[in-house]
Amino acid sequence: QVRNDLTGVLYGEDIEISDTESFSNDPCTSVKKLKGNDVRIILGQFDEEMAVKVFCCAYDEEMYGSKYQWIIPGWYENLWWESWINSTQCLSKNLLTAMEGYIGVDFEPLSSKRLKTISGRTPQQYEKEYNAKRGDGQSSKFHGYAYDGIWVIAKTLQRAMKYLNATNKHQKIEDFNYTNHKLGKIFLDAMNETNFFGVTGQVVFRNGERMGTIKFTQFQERKEVKVGEYNAVADTLEIINNSIKFQGLEPPKDKTIIQEELRKISLPLYSILSALTILGMIMASAFLFFNIKNRNQKLIKMSSPYMNNLIILGGMLSYASIFLFGLDGSFVSEKTFETLCTVRTWILTVGYTTAFGAMFAKTWRVHAIFKNVKMKKKIIKDQKLLVIVGGMLLIDLCILICWQVVDPLRRTVEKYNMEPDPAGRDISIRPILEHCENTHMTIWLGIVYAYKGLLMLFGCFLAWETRNVSIPALNDSKYIGMSVYNVGIMCIIGAAVSFLTRDQPNVQFCIVALVIIFCSTITLCLVFVPKLITLRTNPDAATQNRRFQFTQNQKKEDSKTSTSVTSVNQTSTSRLEGLQSENHRLRMKITELDKDLEEVTMQLQDTPEKTTYIKQNHYQDLNDILSIRNFTDTKDGEKAILKNHLDQNPPAQWGSSDPSRTNKDPIEDINSPEHIQRRLSLQLPILHHAYLPSIGGVDASCASPCVSPSASPRHRHVPPSFRVMVSGL
């Protein structure tokens, strides 16, 4: 009945009852359920024996200390736990640890006020007289209420008698019986009017119930200490100064208080990175001023000043995005943050494309001019380059507009696991973090990354193709390669680290900002610092650099040939490159023919005993060698002699023998190996002597062929009668 009444009163005061558990023997199951439901304040209704078991279970479940508050009846006997400690398996110190701080609730047996009561005695005088009269007899804590109860009866009868005398002289109090409802109502009204100060405090009835004083005690250091009282008549709670002691810094909470805390970017970190960004923008402005001021200088004019301005503009847009990346919920509202999600993405994307698109467009113009195979005069104006950059930006805008229309970026909040309060308060911190995300974030990022990656690959291709153009004012291939390398590496590292630190906004913002600052700064410096140095140290560098120097390195076994051509225009340059390529091809052909000639010569040096015949294809090789034109006018006659001779006398097949020839005179057999070697010993030196001056083997005025100093040893040991001059390239 008490529990039901208490439940009704609590609901009337908007106090939530999280759980109600009943038990008859083992309370541990109920204690576990209370902890599982995150109950912090427990009102217990049980006797001393069950109280010991409850606190033992509370110790096992760690439901004690600064986070919990137990409120139990206060009418237990003094040192009540000592009588029941042996009935459990709980140690005494563990039980006392769990009991520490509980609050007991009981009625006040005697008032603590030193005022005279209706009997003329103070509560303290009454208690002294009572103890003296009862002697050694057992006392009851209700004796004060019994004493005040007698006074209530006396005062009720007195008021009823006065009422009867005043209203109805024919009816007396002696006429009372339990069926006389009229007289019973007079008694009830007289009792409700009772109001006096007794030994138990102020005696007042409300709706038939005694309104008394409630005493609160707290278990502190193995004893109960009175900490306050509640006066039900005046509805006041009086707490004795500094008497109540909580084990924490403050009273326990009724449940776990979860406080959401936004993980925001540190203001000092944002200030430092913003300062670095401002310095970068100042540097970009200085480059812009330099580029505009010297736009008529040949060095700057040849490097496309308009494209340079676009590179600077893209760098400044990239710098500006850092300010937006650092603005989170601690600086702006939720609606503004959602707008910033879109704006900063657009600015960074457009800035990247503008800077690298302009750089790659410049390189494409150099590639188109110097790789003009048809050697036609080609003029590519800046307007065409602007159209190329505009096309790249148009692709960006198409992707971004589709992204914004189909699946726009939204503000999302990510909640993390609860953490204890660093200040030690009885609350749990749930970190939350703001993100800019949408439904298909991975797909859209993949499209953007793929496009930017293709753009960088295209830039690398152009840089590689134009690496041999030796005009510093035009050729930025080396710096483009360095920029692409640095930007690529930093972007990969930055994206990976940023993804891994998404739950740490300070680290993530620091990484992203430093990557943008580094990439933008290194790109601008690589493009403009060399021009600034060249223009300051050598103002005529632009004019001097218009003299093209082409170098062709050929690595062969015995020499390196380099050709330098200066003071030619673009058409002459392309023509010269074509001639050099054709020259190289012809030299390779000559080398192959030399090898064939050398092989035939070595075979002709073999003795007749070892070689009795020559393959037919050897004659064809000799005929091919001797048919080379454009070297000397005498070769035509020699070739004709050898050809006519071979046509009239075809060579014998391998392994064949004609019996009719065996008995003939060897001098008449003109196809014998001896005759062929004799003829070649005269023809080949003459042919080679005419051939060497054309390729730089020997001087044309040499009277007789001689072995080249660079000839291999195998060439130098040719017998004198069959010596053949062989030259290598």
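Me: Is Thr-277 buried or exposed?

Reply: In this predicted model, Thr-277 has a relative accessible area of 0%. Thr-277 is therefore buried, as the cut-off is under 20%.

Me: Where is Thr-277 found?

Reply: Thr-277 belongs to helix 8.

Me: And what is Thr-277 in contact with, leaving aside its neighbours within four places in sequence?

Reply: Its contacts are Tyr-319, Ile-322, Phe-323 and Ile-517.

Me: How many residues has the largest nonpolar core?

Reply: That core has 51 residues. Met-307, Ile-311, Phe-360, Phe-509, Leu-524 and Phe-528 are those with the most contacts inside it.

Me: Which helices supply at least two residues of this core?

Reply: Helix 8 (267-293), helix 10 (305-325), helix 11 (334-370) and helix 12 (382-406) each do, as do helix 13 (441-465), helix 14 (477-500) and helix 15 (505-537). The largest share comes from helix 11, with 11 residues.

Me: What does Phe-360 contact, leaving aside neighbours within four places in sequence?

Reply: Phe-360 is in contact with Leu-455, Met-456, Gly-459, Leu-462, Ile-480 and Val-484.

Me: In which sense do strand 8 and strand 9 pair, parallel or antiparallel?

Reply: Strand 8, covering residues 224-231, pairs with strand 9 in the antiparallel sense, over 4 bridges. Within this pair, Gly-228 stands opposite Ile-239 of strand 9.

Me: Next topic: at what angle do helix 6 and helix 7 pack?

Reply: Helix 6 (residues 143-167) and helix 7 (residues 181-192) pack at about 125°, and their axes are 8 Å apart. The two helices are therefore oblique to each other. The crossing of helix 6 past helix 7 is right-handed.

Me: Which residues make the contact?

Reply: Helix 6 contributes Val-152, Thr-156, Leu-157, Arg-159, Ala-160, Tyr-163 and Leu-164. From helix 7 come Leu-183, Ile-186, Phe-187, Ala-190 and Met-191.

Me: Now the backbone. What is the phi of Asp-14?

Reply: Asp-14 has a positive phi of about 60°, although it is not a glycine. Asp-14 lies in the loop between helix 1 (2-12) and helix 2 (28-36), and at 74% relative accessibility it counts as exposed.

Me: And what about the phi of Glu-62?

Reply: Glu-62, also a residue other than glycine, has a positive phi near 60°. Glu-62 sits in the loop between helix 3 (48-60) and strand 2 (69-73). With a relative accessible area of 54%, Glu-62 is exposed.

Me: Last one: how far apart are Gln-124 and Val-199?

Reply: They are 75 residues apart in sequence and 8.2 Å apart in space, C-alpha to C-alpha. Gln-124 is in helix 5 (residues 123-134) and counts as partly exposed, at 24% relative accessibility.

Me: What does Gln-124 touch, not counting residues up to four places away in sequence?

Reply: Gln-124 touches Ser-111, Ser-112, Lys-113 and Arg-114.

Note on methods. Residues are numbered from 1 along each chain as its sequence is written. This is a predicted model: local features need pLDDT of at least 70, side-chain atom pairs count only at pLDDT 80 or more; totals for chains, interfaces and linings use all residues. Side-chain values use heavy atoms; hydrogens and water are left out. A nonpolar core is a set of buried Ala, Val, Leu, Ile, Met, Phe, Trp, Tyr and Cys residues joined through side-chain atoms within 4.5 Å. Buried means under 20% relative accessible area, exposed over 50%, partly exposed in between (1.4 Å probe, protein chains only). Contact means heavy atoms within 4.5 Å. Two strands pair if DSSP finds at least two bridges between them. Axes are lines fitted to C-alpha atoms, for helices over the stretch in contact, and angles run from 0 to 180 degrees between N-to-C directions. Angles under 35 degrees count as roughly parallel, over 145 as roughly antiparallel, 65 to 115 as roughly perpendicular and the rest as oblique. A crossing is left-handed if the near helix is turned anticlockwise from the far one by less than a right angle, and right-handed if clockwise.
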